[in-house]
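Let's walk through this structure together, from its overall make-up down to single side chains. Keep the sequence and the 3D view at hand as you read.

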Amino acid sequence: MDRREFLMSAGGGLGGIALASLLQNDQLLARPQSSTQTLHHPPKAKRVVQLYMSGAASQCDTFDFKPQLIKDNGNDWDPGEQVQLFQSSPGKTMQAPWKWKQYGQSGKWLNECVAPLGDCVDDMAFIHNMVSKSNVHGPATFMQATGFILPGFPGMGAWISYGLGSMTDNLPTFVVLPDPRGFAPNGAANWSAGFLPASNQGTMIRPNSKTPISNLFPPENDFISSQSDRNVLAALKQLNRKHEQQRGGDSRLNARIQSYELAAKMQLQAPEVLDLSGETKSTLQMYGLDSVDFEVQEGISEAAEIAYFGRNCLVARRMLEQGVRFVQIWSGADNGHPRRNWDSHEDIKRDHWPLGRGMSIGAAALIKDLKQRGMLDDTIILWTTEFGRMPCSQGSKGRDHNPFVFSNWLAGGGIKGGTTYGESDQWSFKPADPANPTMCYDVHATILHQLGIDHEKLTFRHNGIDRRLTDVHGHVIKDILS
């Protein structure tokens with residue numbers, strides 16, 4: 001018996017306590033899970049939904065109304081400086097293919113493309129001066145998901161899972177609902193735990209799949225019974241714990257053990273949460289769902305986008321009700337042909353209309369549904385994308401990447417509705433005040449603040465550095481807080 005094994009075998013004795021203390025000091029033990037934990041100040045919210053538009057949704061065709069684009073439509077676009085684009089040269093000034101209209105008491109301008117959100121604008125706060133550090137999909141997607149353009153960093157959901165723990169014993173703390181056609185750039189690395197304990201990573205669920213949660217149930221055969229399945233899991237747990245005692249400090253094994261334990265509980269609750277047959281007809285219609293059964297197609301169509309996003313938003317609401325703390329919903333997969341994400345280089349009108357209608361119907365339904373159930377007050381909804389698109393045309397119908405300015409919006413959880421923070425310039429090309437842009441660090445800091453977390457104090461020591469979600473940046477956006 002070596003020293004580590006002897007100390008661990010002491011259990012609750014002084015040796016075990018000393019070893020646990022040393023491991024905790026070195027942050028080799030996972031943070032204790034708690035449903036009521038307050039880290040730094042009383043929270044205004046306890047749950048988060050992140051709606052992620054993969055491919056770069058166009059701010060100037062959805063939420064950022066610019067009369068100058070309408071006035072100059074078809075003319076040469078001249079911002080007064082040389083513009084280097086991702087894969088094209090600046091074309092003509094291009095207005096949105098659809099009309100704009102004001103909504104709500106706040107008079108917020110929305111494009112017809114996202115008009116279903118018009119009923120909700122007085123619950124929403126818009127940010128129109130977002131800036132990205134990259135105009136490449138992979139790094140920019142990482143930045144909005146993790147706060148860094150490099151791989152290996154934890155997603156926001158992982159940080160919140162680490163900091164606040166779980167609110168339920170029967171479902172994961174952090175759930176990811178991908179686009180049914182596939183992953184965004186970087187795939188599962190967008191919701192990994194990075195250097196945090198592995199148990200904080202996102203759990204992927206595919207509501208449209210025959211097996212929404214991979215490996216949750218044993219395969220159908222003639223020799224596995226429910227009892228034998230339980231016996232195997234019990235024996236596996238015993239072997240894994242013995243193995244773990246000899247390898248302290250590696251959170252991956254403990255996360256695997258916890259996943260087996262959670263799976264046994266999820267076998268009872270997850271199928272119920274994913275079963276939409278008990279929802280009322282009016283609720284299904286609000287989410288744009290005439291049926292909960294539909295086929296997944298490769299390309300884009302309005303009916304398909306409404307079904308995909310609406311179903312994921314409804315599943316998210318059901319998960320939030322059951323205690324899931326962070327849900328990430330993706331719209332759009334990686335680049336493919338035909339187009340299946342928001343990366344509309346070729347034709348904004350063809351792509352953004354179905355994607356925008358599907359997203360806005362589902363998102364509006366989620367806001368209304370949470371509000372009528374009294375859950376919007378303590379649930380934050382964040383809408384984001386990796387960067388925006390240019391005010392000039394690419395070819396005659398598309399738009400190229402614009403990392404210089406794009407839009408986010410938030411709702412619920414103490415966010416002041418009917419507000420707009422940060423303006424873009426007259427073309428929606430760059431921030432109106434270039435010296436004071438808003439970045440993901442500020443949005444992440446604000447969300448953590450509403451959850452009762454000081455973004456500068458939620459840290460994890462890794463490779464000699466006290467890492468945090470907001471790196472060395474970030475300010476709480478107090479102007480959008482109620």
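Which strands does helix α10 lie across, and at about what angle does it run to β8? Helix α10, residues 348–372, lies across β1, β4 (124–130), β7, β8 and β11. Its direction makes an angle of about 170 degrees with that of β8. Please bear in mind from here on that this is a predicted model.

The chain has 482 residues, and buried ones make up 53% of them. Its secondary structure consists of eleven helices and 14 strands. If you take the contacts between residues at least 6 apart in sequence, 78% of them join residues at least 24 apart. The accessible surface comes to about 20900 Å², and carbon and sulfur atoms account for 49% of that area.

Now to the sheet. Eight strands form an open sheet with mixed pairing, and reading across it the order is β6-β5-β7-β1-β8-β11-β4-β12. The edges are held by β6 (203–204) and β12 (419–421); each has a single partner strand, so one side of each is left without a neighbour in the sheet. As a reminder, strands of a sheet pair through backbone hydrogen bonds, either parallel or antiparallel.

Helix α9, residues 302–321, lies across β1 (47–53), β5 (174–177), β7 (326–331) and β8. Relative to β7, helix α9 runs at about 180 degrees.

Next, let's visit two aspartates in loops. Is D343 buried or exposed? With 2% relative accessibility, D343 counts as buried. You will find D343 in the loop between β7 and α10. Setting aside residues up to four places away in sequence, D343 touches G55, H137, N335, R389 and H401.

The other aspartate, D64, sits in the loop between β1 and α3 (67–71). D64 is buried as well, at a relative accessible area of 3%. Its side chain makes a polar contact of 2.6 Å with the side chain of S424. Beyond its neighbours within four places in sequence, D64 is in contact with Q59, W100, H128, S407, S424 and S428.

Aromatic rings give another way to follow the fold. There are 19 aromatic pairs in this model. One of them joins F65 and W109, whose rings are stacked with 4.2 Å centre to centre and 20 degrees between the planes. F65 lies in the loop between β1 and α3, while W109 belongs to strand β3 (residues 108–111), so this pair ties together parts that are 44 residues apart in sequence. W109 itself is partly exposed, at 31% relative accessibility.

How are the rings of F404 and F429 arranged? They form an edge-to-face pair, with 5.7 Å centre to centre and 75 degrees between the planes. F404 comes from the loop between β10 (401–402) and β11, and F429 from the loop between β12 and α11 (440–450), so the pair ties together parts that are 25 residues apart in sequence. F404 is partly exposed, with a relative accessible area of 32%, whereas F429 is buried at 2%. Elsewhere on your tour, look for F148, F153, W159, Y162, F195 and F460, which ring pairs link into a cluster.

Finally, two backbone details are worth a look. N186 is not a glycine, yet its phi is positive, at about 85 degrees. N186 lies in the loop between β5 and β6, and it is partly exposed, with a relative accessible area of 27%. D471 also has a positive phi, near 55 degrees, in a residue other than glycine. Look for D471 in the segment after β14 (465–467). With a relative accessible area of 21%, D471 is partly exposed.

Terms used. Residues are numbered from 1 along each chain as its sequence is written. This is a predicted model: local features need pLDDT of at least 70, side-chain atom pairs count only at pLDDT 80 or more; totals for chains, interfaces and linings use all residues. Side-chain values use heavy atoms; hydrogens and water are left out. Two strands pair if DSSP finds at least two bridges between them. Helices (H or I, at least four residues) and strands (E, at least two) are DSSP runs, numbered from the N terminus. Contact means heavy atoms within 4.5 Å. Axes are lines fitted to C-alpha atoms, for helices over the stretch in contact, and angles run from 0 to 180 degrees between N-to-C directions. Buried means under 20% relative accessible area, exposed over 50%, partly exposed in between (1.4 Å probe, protein chains only). A polar contact is a pair of N or O atoms within 3.5 Å; within protein, one must be able to donate a hydrogen and the other to accept it, and residues adjacent in sequence count only if both atoms are side-chain atoms. Accessible areas come from the Shrake-Rupley method with a 1.4 Å probe; for residues, only the protein chains shown count as cover. Rings of Phe, Tyr and Trp (its six-membered ring) pair if their centres lie within 6.5 Å; planes under 30 degrees apart count as stacked, over 60 as edge-to-face and the rest as tilted.
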